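Hi there,

Here is the structure I promised to pass on. My notes follow below it.

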Amino acid sequence: MAVRRKTRIIAVGNQKGGVGKTTNTVHIARALAELKRKVLIIDLDMNHGATRHFGIEPEAFLGAFELLVGAEAPKNLVLTHADKEEGIDLPKNVDLIPAARKLESIDQAITTKSKFVTPREVLKGER
Ligand SMILES: Nc1ncnc2c1ncn2[C@@H]1O[C@H](COP(=O)(O)OP(=O)(O)OP(=O)(O)O)[C@@H](O)[C@H]1O
Ligand SMILES: [Mg+2]
């Protein structure tokens with residue numbers, strides 16, 4: 001019987017710009033995929049470095065913004081190796097939920113939706 005592997009979450013973040021967040025994210029993802037792990041990158045950076053790295057036009061698809069405000073189910077937002085349109089170049093086993101510029105207003109969008117929900121609760125998956 002196949003052994004089911006545990007899902008792990010790796011968060012890459014730093015408030016400082018240009019310190020290697022995107023570079024580490026995309027290379028760790030590719031390396032894990034080469035080791036036959038299935039990877040989902042969720043690009044939460046409004047500067048959309050990882051999204052652009054894989055040839056994806058940031059404003060062309062719904063993505064992390066719609067995920068965080070609950071406007072779309074995650075499965076409707078995932079781009080994969082099988083998606084070949086518009087220059088998308090994702091490796092096999094690396095999926096991505098893309099970022100867009102409008103993530104800069106995500107705090108406001110979440111707090112406008114309900115004054116009882118905080119952005120931190122949404123990020124932790126509690127809401
Ligand atoms: N280990 C490394 N050695 C040398 N250069 C690196 C290394 N990691 C990243 N870089 C270079 O540093 C620059 C910034 O890297 P990167 O874009 O990954 O940073 P970032 O933290 O995502 O930046 P931003 O805040 O703008 O999104 C890029 O030009 C990248 O090629
Ligand atoms: Mg970056």
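To start with the charges: Lys and Arg count as positive and Asp and Glu as negative, while His and the chain ends are not counted. Each charge is placed at NZ of Lys, CZ of Arg, CG of Asp or CD of Glu. On that basis, the chain has 21 positive and 16 negative charges, and their mean positions lie 9 Å apart.

This is a predicted model, in which local features need pLDDT of at least 70 and side-chain atom pairs count only at pLDDT 80 or more, while totals for chains, interfaces and linings use all residues. Residues are numbered from 1 along each chain as its sequence is written, chains are lettered from A and ligands numbered from 1 in the order in which they are written, and side-chain values use heavy atoms, leaving out hydrogens and water.

The chain holds 5 helices and 2 strands, in the order α-β-α-α-β-α-α. Helices (H or I, at least four residues) and strands (E, at least two) are DSSP runs, numbered from the N terminus. The C-alpha trace spans about 45 × 35 × 30 Å along its principal axes. Of the 127 residues, 28% are buried, where buried means under 20% relative accessible area with a 1.4 Å probe, protein chains only.

One residue to look at is proline 98, in the loop between β2 (94-97) and α4 (106-113). Proline 98 has 1% relative accessibility, so it counts as buried. Leaving aside residues up to four places away in sequence, its contacts (heavy atoms within 4.5 Å) include Asp43, Ile56, Phe61 and Leu79.

Best wishes

Conventions
Buried means under 20% relative accessible area, exposed over 50%, partly exposed in between (1.4 Å probe, protein chains only).
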